[in-house]
Every structure is written in C-alpha cells, then in structure tokens.
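Here is a briefing for a reader new to this structure. The sequence and the model come before the notes.

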Amino acid sequence: MRMILIGPPGAGKGTQAARLVDKLQIPHISSGDMLRAAVKEGTKLGLEADGYMKAGKLVPDDVVIGMILERIAKPDAAGGFMLDGFPRTIPQAEALEGAMAKAGVTIDRVLLIEVPDELLVERGVGRRNDPLTGKIYHLKFDPPPSQDVAERLVHRKDDTAEAITERLKYYGSWTSPLIPFYDAKGVLRRVDGVGTPDEVTARITTALAS
Ligand code: ADP
Ligand code: ADP
C-alpha cells in the first residue's frame with residue numbers, strides 16, 4: 001500500500017500514522033520529522049530549512065522533493081509507504097507522480113483528515129513530543145502517562161498560536177489544491193478527524209477498504 005496523509009497542521013496525521021504503520025507494516029515517512037532531524041544534526045539541508053520552519057513557512061520545494069524521493073527509493077519502502085506531510089504543494093505532488101511513474105507504481109490512497117480550524121490551534125499549542133520514543137502527546141487530550149515522561153517532553157518551536165496560524169494559511173493556499181488533484185485520480189478518501197483518536201482510526205480503516 002502506497003498512501004499519503006493530508007490534513008491541516010494538528011489534524012492528527014502523525015498520531016494516526018503511528019497507529020496505521022504498525023498494522024500495515026509499511027514505513028512512516030514524515031517530511032516534518034525528517035526536516036527536524038536534519039535541523040538537529042545541523043546538516044546543510046537542516047540549516048537551509050530551519051528559518052522557514054520556525055516561522056511556519058514552507059521549506060522550498062526542491063529541498064523537500066529531493067529529500068523525499070531519496071527516502072522512498074530506499075529498500076524498506078519498495079513494498080509501500082505512508083507519506084505524512086508530503087506532498088504539500090502541487091509541484092511536490094507532480095514530482096512524486098513522476099517518480100512513481102518511473103518506478104511503474106501508483107499511489108493507492110490519499111486520506112484527507114478534516115478538522116475545523118478553530119480546533120487546530122488548541123491541538124497544536126498543547127502538542128508535546130517525546131524525544132525518546134517519538135510518541136506524540138497532548139497536555140489536555142492525551143497527557144503523558146508518568147512524571148518521567150512528562151519531564152522529557154519537548155514543545156516544538158513552531159507550535160505557537162502564531163506559527164500555527166501561519167501554517168494554516170499556507171495549508172489553505174498551497175496544500176488544499178491537492179484535494180481536487182487527487183480526487184480527480186479517484187484515490188482521495190475524506191475522513192472526519194473530530195472525535196477520539198480511536199474513532200478516527202476506525203474511520204480511516206473503513207475509508208482504506210472503500
Ligand atoms: P504540521 O503537520 O504540524 O504542520 P509538520 O511536522 O508536517 O507539521 O511540518 C513542520 C514544518 O516543516 C512545516 O511548517 C514546514 O516548514 C516544514 N515542512 C514539512 N513538510 C514540508 C513539505 N512537504 N514542504 C515544505 N515544507 C515542509
Ligand atoms: P499532525 O501530524 O496532523 O500535525 P498530530 O498527530 O501531531 O497532528 O496531532 C496534533 C495534536 O493533537 C497532538 O498533541 C495530538 O496528541 C492531538 N490529537 C491527535 N488526534 C487527536 C484527536 N482525535 N483528538 C484530540 N486531540 C488529538
């Protein structure tokens with residue numbers, strides 16, 4: 001299964017991806033996670049991406065496209081993958097189409113997780129990440145299970161109300177055009193992202209089968 005998760009910042013893509021890849025046995029490829037790792041390591045790519053990310057702006061297409069096409073060419077992605085956060089623009093989607101065509105494969109499903117804007121800022125501001133396990137928590141909706149975990153959680157620099165609002169604007173202008181793009185190919189499935197994570201996972205499982 002080759003699939004893509006699309007949705008505004010805070011929609012629950014990372015949360016759902018973590019649950020799904022276990023079941024589907026495919027790698028979870030998150031452009032945001034890869035970029036944050038590059039920033040942390042101080043690589044050339046990381047230095048280039050850092051300023052854009054802090055401000056909630058999109059990293060230039062050529063940088064992200066190169067990074068992702070290289071990643072999906074790795075052996076563990078040969079049988080399928082779950083892309084999270086990529087593509088985010090039409091040029092990125094076209095570059096992915098080109099690479100898929102060259103490899104003689106296609107994208108099977110694009111899942112759109114829909115959550116109204118007014119819930120997204122609260123989800124983003126309360127998000128905390130566990131650097132040890134990669135798990136995503138929320139101070140109110142999914143609090144850490146122990147004091148030990150709580151103490152090591154990190155708050156992303158771009159999870160401020162200001163940067164989230166900026167990301168939402170970019171989503172509306174640059175990413176939402178992907179919805180008709182994939183709908184026209186017949187692979188898009190819409191999933192309501194409001195409800196508990198379990199409810200959303202159940203809806204995704206149904207959508208994947210349809
Ligand atoms: P969220 O889902 O909360 O918006 P991500 O972790 O997917 O966050 O992305 C964080 C940041 O990384 C984005 O705001 C952007 O700066 C950068 N980024 C991630 N993926 C892409 C992409 N496909 N194209 C351009 N920039 C990206
Ligand atoms: P995305 O990858 O789309 O940016 P995340 O999966 O990181 O989104 O989720 C954003 C925040 O919202 C996290 O703190 C997460 O714990 C929380 N969250 C995820 N799914 C739900 C849900 N169904 N209801 C409430 N909060 C959620």
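**Backbone features**

Pro 87 sits in the loop that joins strand E3 (81-84) to helix H5 (90-103); helices (H or I, at least four residues) and strands (E, at least two) are DSSP runs numbered from the N terminus. This is a predicted model, in which local features need pLDDT of at least 70 and side-chain atom pairs count only at pLDDT 80 or more, while totals for chains, interfaces and linings use all residues. Residues are numbered from 1 along each chain as its sequence is written, chains are lettered from A and ligands numbered from 1 in the order in which they are written, and side-chain values use heavy atoms, with hydrogens and water left out.

- The peptide bond from Phe 86 to Pro 87 is cis, and its omega is near -5°.
- Gln 25, in the loop between H1 and strand E2 (28-30), has a positive phi near 55° although the residue is not glycine.
- Most residues other than glycine have a negative phi, and most peptide bonds are trans.

**Ligand 1**

- Around ligand 1 there are 19 residues, of which Ser 31, Lys 57, Gly 85, Arg 127 and Arg 167 come nearest (a residue is near if one of its heavy atoms lies within 4 Å).
- By class, the shell holds seven nonpolar, four polar and eight charged residues (Ala, Val, Leu, Ile, Met, Phe, Trp, Tyr, Cys and Pro are nonpolar, Asp, Glu, Lys and Arg charged, the others, Gly among them, polar).
- Helix H2 (residues 31-41) gives the most to this shell, with four residues.
- An oxygen atom of ligand 1 lies 2.9 Å from a side-chain N or O atom of Arg 36, and an oxygen atom of the ligand is 2.9 Å from a side-chain N or O atom of Arg 167.
- A nitrogen atom of ligand 1 is 3.1 Å from a polar backbone atom of Val 59.

**Salt bridges**

- The whole structure contains 16 salt bridges (a side-chain nitrogen of Lys or Arg within 4 Å of a carboxyl oxygen of Asp or Glu).
- One of them pairs Arg 19 with Asp 198, with 2.9 Å between the closest N and O atoms.
- Arg 19 is in helix H1 (residues 13-24) and Asp 198 in helix H10 (residues 197-209), so this pair ties together parts 179 residues apart in sequence.
- Side chains of opposite charge can pair when their charged atoms come close.

How values were computed: Polar contact = N/O pair within 3.5 Å; in protein donor to acceptor, adjacent residues only side chain to side chain.
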